[in-house]
Amino acid sequence: MASVQYPSDAPAATSRGVLTTANGNPVDHNQTSLTAGEYGPVALQDFHLIDKLAHFDRERIPERVVHAKGAGAHGYFEVTKDVSHLTCAKFLGRVGKRTPVFTRFSTVGGELGSADTARDPRGFAVKFYTEEGNFDMVGNNTPVFFIRDPIKFPDFIHTQKRHPQTHLPDATMMWDFWSLVPESLHQVTILMSDRGIPNGYRHMHGYSSHALKFVSQDGSYRYVKWHFRTEQGIKNILPAEAARLAGTDPNYATRDLFDAIERGEHPAWRVYVQVIEPEQALKYRFNPFDVTKVVSQKDFPLHEVGRMVLNRNPENYFAEVEQAAFCPSHMVPGIAPSPDRMLQGRLFSYADTHRHRLGANYLQIPINRPLNGANTHQRDGAMAINGNGGSAPNYEPNSFGGPAQNNLPAQTHARGVAVTGELARHTYELTDDDFAQAGDLFNLFTAEQKDRLATVIASSLSQVPLFIQKRQLAHFYRADKDYGRRVEAALKAAGSKI
Ligand code: HEM
């Protein structure tokens, strides 16, 4: 089952030099500890032993609080259509231009060792190493999300994780939350549909989900939603097969990505944006910054931008994949945030968790380091390994030289956005619009897919208290009568007293 191609015969011994301690002292023996006599205790002065054990004791860093299980690969992004009239981002400046990328795919709720075939959204995070620093597109394989206000995120994630007492995944927590937060219905419908279990990471699309801004040199801007469309075609795994793989090959997607790249089958995605002018955003029939909804491609068609190809596996999983830190607030000049509340919450959350997970100097780790080099007045902190600014001034303004701001308006932000209104907690009203897109999606499915959707929902929903089933069933009916009827029938078939 191993993905690395080991030779069948023992290879000829190749010398990689003398084994040393981490501080470079030659190691005389790596198989036997230093003991006082043959039956005596181990000596504390065996630095090599102590350092080996002590380093081992610290091998694990905290796993990502979400998206812990994942796989990544290197590649490039190439511009295929001119978008220089839409953004001054240099990496998008001319057709044919290539930018190195590192992409990490993941499941969301499970721990580092969990099965790749879980029913779960998939993370789709791309780090573009541009000449103006890194741009991270931290999206999912779904164009929408369960909630539209970041204040709900920790609660939502708690329902996807383990029960505080039993330490088991708990269907009641999930459906209790979803039924009380019905704007989740669109994403719940995707999750419970065939697309809820993609066949590996190569056969799925990726989306920014949020709108971002493309900004021109003159400060004018428009909103864009990113779409990465798989060239491998969409493929999903049916529930019984997913369950089998969870037992027999829990690293199915990780292996599939690694092996395909080793075979020279380099997965690729065509990259598009939907472009929304600010005045169109204001007039749109619903809030285009509500991440529980898609913005119709009939209203805002896809514009091709480029192509992403993944063609190189990591040399070392921990160094490159586990230590990768993607952050929606890493944006280059020409790309800026939209007012999407969820995105705004994420602009804070990722760098914050990276400082916790990887340390204050996480941007000095090679996989996260910008290729153009960072030039800051930040100093010190644990693991300051980049020379720490040497003897250069560590403050600004100063009279002794050093990096200075470039005063280009488009480089910081788009032309001012007028903000009016009272500082208050402006609650989203729940309207029929919050159910319509779930119903529309349901109606795109074939009869067979609708049946499967209802069965998958019922197999989980039937396990939870009846009052929650009833509350959730009303949402399916509100999305579409046939959706409600099918789920109700499937619940009864699964033994529910509904
Ligand atoms: C990972 C927070 C919503 C996509 C994470 C991590 C945190 C987080 C703390 C772990 C990062 C790490 O340890 O490196 C949040 C918050 C959200 C939110 C607070 C809402 C307010 C979303 C949404 C998407 C998304 C809407 C997709 C559109 C991802 C991805 C990763 C991730 C792809 C994994 C990145 C990687 O591969 O390292 N999120 N998230 N998240 N999140 Fe979110």
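Predicted model: local features only at pLDDT ≥ 70, side-chain atom pairs only at ≥ 80, totals over all residues.
Reader: Which helix holds Tyr350, and which residues does Tyr350 touch beyond four places away in sequence?
Author: The UniProt annotation "binding site", from an unreviewed entry, covers Tyr350. This residue lies within residues 341–357, which form helix H9. Leaving out residues up to four places away in sequence, Tyr350 touches Phe326, Cys327, Pro328 and Ser329.

Reader: Which element gives the most to the shell around the ligand?
Author: The ligand is surrounded by 29 residues, the closest being Arg64, His67, Arg104, Gly123 and Pro150. At least two residues of the shell come from each of strand S2 (98–107), strand S3 (122–130), strand S4 (133–140) and H9. With eight residues, the element that gives the most is H9.

Reader: How many residues of the shell around the ligand are nonpolar, polar and charged?
Author: The shell consists of 29 residues. By class, they divide into four charged, 11 polar and 14 nonpolar.

Reader: What is the radius of gyration of the protein, and how does it stand against the globule rule?
Author: The protein has 14 helices and 10 strands. For 498 residues the globule rule gives 23 Å, and the value for the protein is close to this, so the protein is as compact as a globular protein of that length; its radius of gyration is 26 Å.

Methods:
Residues numbered from 1 in each chain as written. UniProt positions renumbered as here; feature names shortened; annotations may be inferred. Helix = DSSP H or I, 4+ residues; strand = E, 2+ residues; numbered from the N terminus. Contact = placed C-beta atoms within 7 Å. Near = placed C-beta within 6 Å. Nonpolar A, V, L, I, M, F, W, Y, C, P; charged D, E, K, R; others polar. Rg over C-alpha atoms; globule rule 2.2 N^0.38 Å.
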